[in-house]
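Let's take a walk through a protein model together, one region at a time. Keep the picture open beside you as you read.

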Amino acid sequence: MAELTLDNVTKVFDDNGTDIVAVDGVSVDIDDGEFLVLVGPSGCGKSTTLRMIAGLETVSSGEIRLDGEVVNAQPPRERDIAMVFQSYALYPHMTVKENMSFGLEESTDMPDSEISSLVEETAEMLGIGDLLGRKPGELSGGQQQRVALGRAIVRDPKVFLMDEPLSNLDAQLRSQMRTELQRIQENLGVSTVYVTHDQTEAMTMGDRIAILNDGELQQVATPLEAYHEPTNQFVAKFIGEPSMNFFEMEMQGDRLTSDLFDYPLSEETREALGDTTHVTFGIRPEDIEVVSEAADDHDFEMVIDVVEPMGNENNVYLSFETGGDADLVATVDGMRSLDAGQPVVARLPEPAIHLFDTQSGSALK
Ligand code: ATP
């Protein structure tokens, strides 16, 4: 069993007398065997969080617990945690086999023969069994990544920490390694915290994702929950590609109004808003229907600005005004023939819309 807990963890760096709060009161439980993806934009505190878990960075306040035991003061090698870095951090003068064995030779009294067979077995599992005699310089990026992973796996740690481990690989290999990593993690059942700034990676790999912004945890949820029920506008914007469309609107009577369009709300939705008058309206591109005729007051006459073919889908940029800049993007079937300049109707179905308090960003619906 390995359960990792971050309890109100904060990291303040001192930058020549100025405090930089890199991680601000983060609390999250990573269950035994869970794959948790820590995701957020550059500089939001992902790596610092991971480095505190690994023991490479001190914790300013709060607790990190491993199986209930506070490890704040434990040096990295005593934590039974293995970290895989973006840079792989392989020893260039050592062979693959030596790179994978080194940690075990240093930190355990496992007999050499046992280490050797463990390394060979793991290398086989990772598809690098025939590369054991090579040096890192004689390997492709993907192969080096597997060696780095293999080195972490042979240590049989309680927790894996991975810091953007796939970001140096090309798109195809990255997507292949994503699936492979997930399979390996599931088979090994080792609790894993995986850092990325790539929301696609987060959505496809995580049992749960933890979304961080400015050092603060925004939401911890399954990928689908974060997608369908974002707790705030930041999460709504960060998850999903193309990004959710947003409009700042004002509540007047039974409708939301703006310079661009008015949107009547059902009584149920109005109740969800309470007293909030400044509301940000959000709708995902894939929830917008592009039709030819307006049928109700959630349908809006628009003009196609640009059609961006994506293969099986088209991103259609629409404007409320002929010749105007795009006001929203809708995703439609790639087989549909739609052209720039064409007048269409955008249907924004009420069940699909998201509403946020403009001031705080919190989700209201
Ligand atoms: P990226 O995706 O770009 O790697 P990140 O989310 O991993 O970003 P961190 O590297 O954790 O972000 O950095 C969080 C904040 O802390 C940033 O503002 C960074 O400048 C700051 N920071 C990190 N390390 C230090 C340090 N040693 N001294 C001062 N500030 C630091």
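**A guided tour of the model**

Gln 218 counts as buried because it has 22 C-beta neighbours inside 10 Å, and the cut-off for that label is 20 or more. You can find Gln 218 in strand E10, which covers residues 216-221. Gln 218 and Gly 40 are 178 residues apart in sequence, yet their C-alpha atoms are 9.6 Å apart in space.

Before going further, keep in mind that this is a predicted model. How confident is the predictor in the chain? The average pLDDT is 93, and 100% of the residues score at least 70. Among the elements of the chain, helix H5 (residues 171-188) has the lowest mean pLDDT, 86, while strand E14 (residues 278-283) has the highest, 98. For the complex, the predictor gives an ipTM of 0.97 and a pTM of 0.91.

In an unreviewed UniProt entry, the annotation "domain: ABC transporter" covers residues 4-239. That span is 36% helix and 28% strand, and its end C-alpha atoms lie 25 Å apart.

Next, turn to the ligand. Which residues are closest to the ligand? Among the 13 residues that surround it, the closest are Phe 13, Ala 22, Ser 42, Ser 47 and Thr 48. H1 gives the most, with three residues.

H1 is mostly covered, as eight of its nine residues are buried. The buried ones are Lys 46, Ser 47, Thr 48, Thr 49, Leu 50, Arg 51, Met 52 and Ile 53. Just after H1 comes Gly 55, which takes a positive phi of about 90 degrees.

Strands of a sheet pair through backbone hydrogen bonds, either parallel or antiparallel. Here, four strands form an open sheet in the order E2-E1-E4-E5, with antiparallel pairing. Its edge strands are E2 and strand E5 (69-70), each of which pairs on one side only. E1 and E2 run antiparallel and are joined by nine bridges. As one example, Asp 14 has Asp 19 in E2 as its bridge partner.

Our last stop is strand E7 (residues 159-163). Why is E7 described as largely enclosed by the rest of the structure? Five of its five residues are buried, so the strand is largely enclosed. Both faces are covered: on one side sit Val 159, Leu 161 and Asp 163, on the other Phe 160 and Met 162, and all of these are buried.

E7 also has pairing partners to find. Strand E6 (residues 81-84) pairs with E7 in the parallel sense over four bridges, and Met 83 has Leu 161 in E7 as its bridge partner. E7 also pairs in the parallel sense with strand E8 (residues 191-196), over five bridges. In that pairing, Leu 161 stands opposite Val 193 in E8. Follow the chain from E7 through H5 to E8, and you trace a right-handed β-α-β crossover. This brings back H5, the helix with the lowest mean pLDDT among the elements of the chain.

Key:
Residues are numbered from 1 along each chain as its sequence is written. This is a predicted model: local features need pLDDT of at least 70, side-chain atom pairs count only at pLDDT 80 or more; totals for chains, interfaces and linings use all residues. A residue is near a molecule or strand if its C-beta atom, placed from the backbone, lies within 6 Å of it. Helices (H or I, at least four residues) and strands (E, at least two) are DSSP runs, numbered from the N terminus. A residue is buried if 20 or more other C-beta atoms lie within 10 Å of its own, exposed if 12 or fewer, and partly exposed in between; C-beta atoms are placed from the backbone. pLDDT is the predictor's confidence in each residue, from 0 to 100. UniProt positions are given in the numbering used here, feature names are shortened, and annotations may be inferred rather than shown by experiment. Two strands pair if DSSP finds at least two bridges between them. A crossover is right-handed if, with the strands pointing away from the viewer, the path from the first strand over the helix to the second runs clockwise.
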